[in-house]
Amino acid sequence: MCPVSAVEYEKQIAMIELLSKVFKPDDLEAMERLAGIKSRSTGLSYDFYISQILEVLRTRHNAVVGDIPDHELRRVISIVDIVGVESHGLMKRLASACLGCGWCCAQTKSIHVFPDDVDRISRKLKLKKEDLFDLRAGQWFMKQANPCRWWNQRTGRCSIYSIRPRTCRDWPLAENLEHKHTLVAAADCHYSVGVMVFKVLGTLALARGDSSSPAP
Ligand code: SF4
Ligand code: SF4
């Protein structure tokens, strides 16, 4: 086991005290457990997502997070991520964090689609749903992703924008098993990373009693 220096130990205690001003101790413990499970089950891609958020915090907001060691800041990020339910209002407010890079249309390996979208899109395009979508284990997916068949590489735009699936309209939010919206942990999506940065700064501001509004 690696010995923890007195200074390091004090910083860890300070972080627990800081977070305890925002979350109840029992909730905090449960969230840390869930964050550990999420990290173990999603592996490297989740670590990369947390690293991207850390990088933005260090490069753009070091005046706010400079006194927090990396491992403690990672801990705060993963706890804020676990709290996770998002409002469409917040997403709209932070929409400028979307770079319009098209990664979500071109690089996402598998795009889940809801049954009403399958019916609606195939009806509007006058095509059989089996030609456009695959049914796998009771769930519908785009037949062609990575890149999506409707992504226009030249313009970088969606060619069925007005009738695109709900998954695309909600991105980078996705519905969890309780039908609540949470952020997709996509390290390559500047929008998702930006919203998390905003939330971490908001949590730290709340814990420190700072009422100024953070910018992502
Ligand atoms: S939502 Fe994310 S991945 Fe998609 S265009 Fe915006 S920044 Fe790029
Ligand atoms: S349907 Fe449109 S918005 Fe959805 S992934 Fe394809 S190109 Fe992107």
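**Close-up views of a predicted model**

**View 1. Helix H5 against helix H11.** Val76, Ile77, Val80 and Asp81 of H5 meet Met196, Lys199, Val200 and Thr203 of H11. Contact here requires C-beta atoms, placed from the backbone, within 7 Å. Five residues of this contact are nonpolar, one is polar and two are charged. Ala, Val, Leu, Ile, Met, Phe, Trp, Tyr, Cys and Pro count as nonpolar, Asp, Glu, Lys and Arg as charged, and the others, Gly among them, as polar. H5 spans residues 70–83 and packs on H11 at about 105 degrees, with the axes 10 Å apart. Axes are lines fitted to C-alpha atoms, for helices over the stretch in contact, and angles run from 0 to 180 degrees between N-to-C directions. H5 and H11 are therefore roughly perpendicular, a term for angles of 65 to 115 degrees. Helices (H or I, at least four residues) and strands (E, at least two) are DSSP runs, numbered from the N terminus.

The model is predicted: local features need pLDDT of at least 70, side-chain atom pairs count only at pLDDT 80 or more, and totals for chains, interfaces and linings use all residues. Residues are numbered from 1 along each chain as its sequence is written, while chains are lettered from A and ligands numbered from 1 in the order in which they are written.

**View 2. Helix H2 against helix H5.** H2 (residues 25–42) packs on H5 at about 95 degrees, with the axes 9 Å apart. That makes the two helices, H2 and H5, roughly perpendicular. Met31, Glu32, Leu34, Ala35, Lys38 and Ser39 of H2 meet Ser78, Ile79, Ile82 and Val83 of H5. The contact comprises six nonpolar, two polar and two charged residues.

**View 3. The shell around ligand 1.** Residues around this ligand include Cys98, Cys101, Cys104, Cys189 and His190; each has its C-beta atom, placed from the backbone, within 6 Å of the ligand. Nine shell residues are nonpolar, three are polar and none is charged. Domain 1 (6–85 + 185–207) and domain 2 (103–175) each give at least three; the bounds come from an automatic or database domain assignment.

**View 4**

View 5. Strands S2 (residues 133–136) and S3 (residues 139–142) pair in the antiparallel sense over four bridges; pairing requires at least two DSSP bridges. Arginine 136 has glutamine 139 of S3 as its bridge partner. Two residues lie between the strands, and alanine 137 takes a positive phi near 50 degrees.

Definitions and conventions. Angles under 35 degrees count as roughly parallel, over 145 as roughly antiparallel, 65 to 115 as roughly perpendicular and the rest as oblique. Two residues are in contact if their C-beta atoms, placed from the backbone, lie within 7 Å.
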